[in-house]
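Here is a short walk through one protein chain. Keep the structure in view as you read.

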Amino acid sequence: MSTTIDTLFGGELTLEQPSEGYRYGIDAVLLGAGAPDADVVVDLGCGVLPVGLCFLHVQPSARLVGVEVQAELAALSRANVIRNGREDRAEVMEADARRAALTGADLVLMNPPYFPHGSGARNPNGQREAARHEVHGTLRELCRSAAGMMGPKARLRMIYPAEQVPRAMTAVAGAGLKVCRLRPIHSFAHAPAKLILVDARKHGRREVELAPMLV
């Protein structure tokens with residue numbers, strides 16, 4: 001597998017990722033770098049760990065566990081932990097997110113596939129297919145797994161297409177969680193939102209906070 005070495009934050013963060021397979025995008029950076037403070041964090045379906053490492057970059061005292069089912073990506077995640085000197089604060093589990101035995105997280109971060117398995121045209125690259133489509137679990141299954149990892153006052157934060165926010169809210173509710181905050185993300189101030197950050201808790205308020213848009 002050929003890879004490239006890419007940087008973030010002016011070269012302060014370095015990540016190795018496949019040249020042709022799964023490659024992180026701006027959604028991973030927005031999710032990780034803008035997440036709330038937390039001590040114990042799980043990056044669920046971490047790929048090569050862009051979300052988790054962005055989080056550790058801005059949260060210098062947190063501890064992180066990444067969970068990734070694809071062996072090649074899990075290996076790159078571990079290499080990226082070492083490459084960025086985070087061995088004392090991060091570890092990566094090669095495991096199916098639906099069956100990972102983790103509990104007590106303060107925050108679960110999730111950049112899930114955006115499309116149901118079997119919808120649209122299949123990508124011949126297995127890594128890209130799994131990144132875009134729910135090959136390794138439905139959104140509801142992933143939310144249910146996240147809920148099982150969360151402590152009583154923990155938060156789930158995921159990024160999802162804005163046009164699919166009803167699907168995200170249904171999946172969250174089906175996992176026994178309550179949406180407590182939504183933040184739309186716009187490429188341009190005058191354009192419709194493309195993405196949305198969804199926050200959920202086990203015991204959230206009935207009301208949902210609509211946070212200021214991020215452009």
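The paragraphs below go from the whole chain to the sheet, then to the helices and a few single residues.

Start with the whole. This is a predicted model. The chain has 215 residues, and 52% of them are buried. It holds six helices and ten strands. Its accessible surface comes to about 10,100 Å². Carbon and sulfur atoms account for 53% of that surface. Now consider how the chain contacts itself. Take the contacts between residues at least 6 apart in sequence: 67% of these join residues at least 24 apart.

Turn to the sheet. In what order do its eight strands run? The order is β5-β4-β3-β6-β7-β9-β8-β10, in an open sheet with mixed pairing. Two strands stand at the edges: β5 (90–94) and β10 (209–210). Each has a single partner strand, so one side of each is left without a neighbour in the sheet.

Helices pack on this sheet. Helix α3 (residues 71–83) touches β4 (63–68) and β5. The direction of α3 makes about 170° with that of β5. Helix α5 (residues 139–149) also packs on the sheet, touching β3 (40–44), β6 (105–110) and β7. The direction of α5 makes about 150° with that of β7.

Look at the pairings one by one. Strands β3 and β4 are parallel, joined over five bridges. Within that pair, Val40 stands opposite Arg63 in β4. Strand β3 is mostly covered, with four of its five residues buried. Strand β7 and strand β9 (residues 195–201) run antiparallel, and seven bridges join them. Ile159 has Leu197 in β9 as its bridge partner. Arg155 stands opposite Arg201 in β9. Strand β8 (residues 178–185) pairs with β9 too, in the antiparallel sense and over seven bridges. On that side, Lys178 stands opposite Arg201 in β9. How enclosed is β9? Six of its seven residues are buried, so β9 is largely enclosed by the rest of the structure.

Now stop at one residue of β7. Arg157 lies in this strand, which spans residues 150–161. Is Arg157 buried or exposed? Its relative accessibility is 5%. Buried means under 20%, so Arg157 counts as buried. The side chain of Arg157 reaches the backbone oxygen of Gly34 at 2.9 Å. Beyond its neighbours within four places in sequence, Arg157 is in contact with several residues, including Leu31, Ala35, Pro36, Arg181 and Asp199. Leu197 and Val198 are also among the contacts of Arg157.

Val108 is another contact of Arg157. The largest nonpolar core has 68 residues. Which of them touch the most other members? They are Leu44, Phe55, Val108 and Cys143. Leaving aside neighbours within four places in sequence, Val108 is in contact with Val42, Leu44, Ala146, Met149, Met150, Arg155, Leu156 and Arg157. In soluble globular proteins, nonpolar side chains tend to be buried together.

Go back to helix α5. Its buried residues are Leu139, Leu142, Cys143, Ser145, Ala146, Ala147 and Met149. What do they pack against? They pack against β3, β6, β7 and α6 (165–174).

Helix α2 (residues 50–58) is next. Seven of its nine residues are buried, so α2 is largely enclosed by the rest of the structure. The buried residues are Pro50, Val51, Gly52, Leu53, Cys54, Phe55 and Leu56. Phe55 was met above, in the largest nonpolar core.

Finish with helix α1 (residues 26–33), where Ala28 is found. Ala28 has 0% relative accessibility and therefore counts as buried. What does Ala28 contact beyond its neighbours within four places in sequence? The answer is Pro50, Val51 and Asn111. Pro50 and Val51 are among the buried residues of α2. Ala28 and Val51 are 23 residues apart along the chain, yet their C-alpha atoms are separated by 5.1 Å.

Notes:
Residues are numbered from 1 along each chain as its sequence is written. This is a predicted model: local features need pLDDT of at least 70, side-chain atom pairs count only at pLDDT 80 or more; totals for chains, interfaces and linings use all residues. Side-chain values use heavy atoms; hydrogens and water are left out. Buried means under 20% relative accessible area, exposed over 50%, partly exposed in between (1.4 Å probe, protein chains only). A polar contact is a pair of N or O atoms within 3.5 Å; within protein, one must be able to donate a hydrogen and the other to accept it, and residues adjacent in sequence count only if both atoms are side-chain atoms. Contact means heavy atoms within 4.5 Å. A nonpolar core is a set of buried Ala, Val, Leu, Ile, Met, Phe, Trp, Tyr and Cys residues joined through side-chain atoms within 4.5 Å. Accessible areas come from the Shrake-Rupley method with a 1.4 Å probe; for residues, only the protein chains shown count as cover. Two strands pair if DSSP finds at least two bridges between them. Axes are lines fitted to C-alpha atoms, for helices over the stretch in contact, and angles run from 0 to 180 degrees between N-to-C directions.
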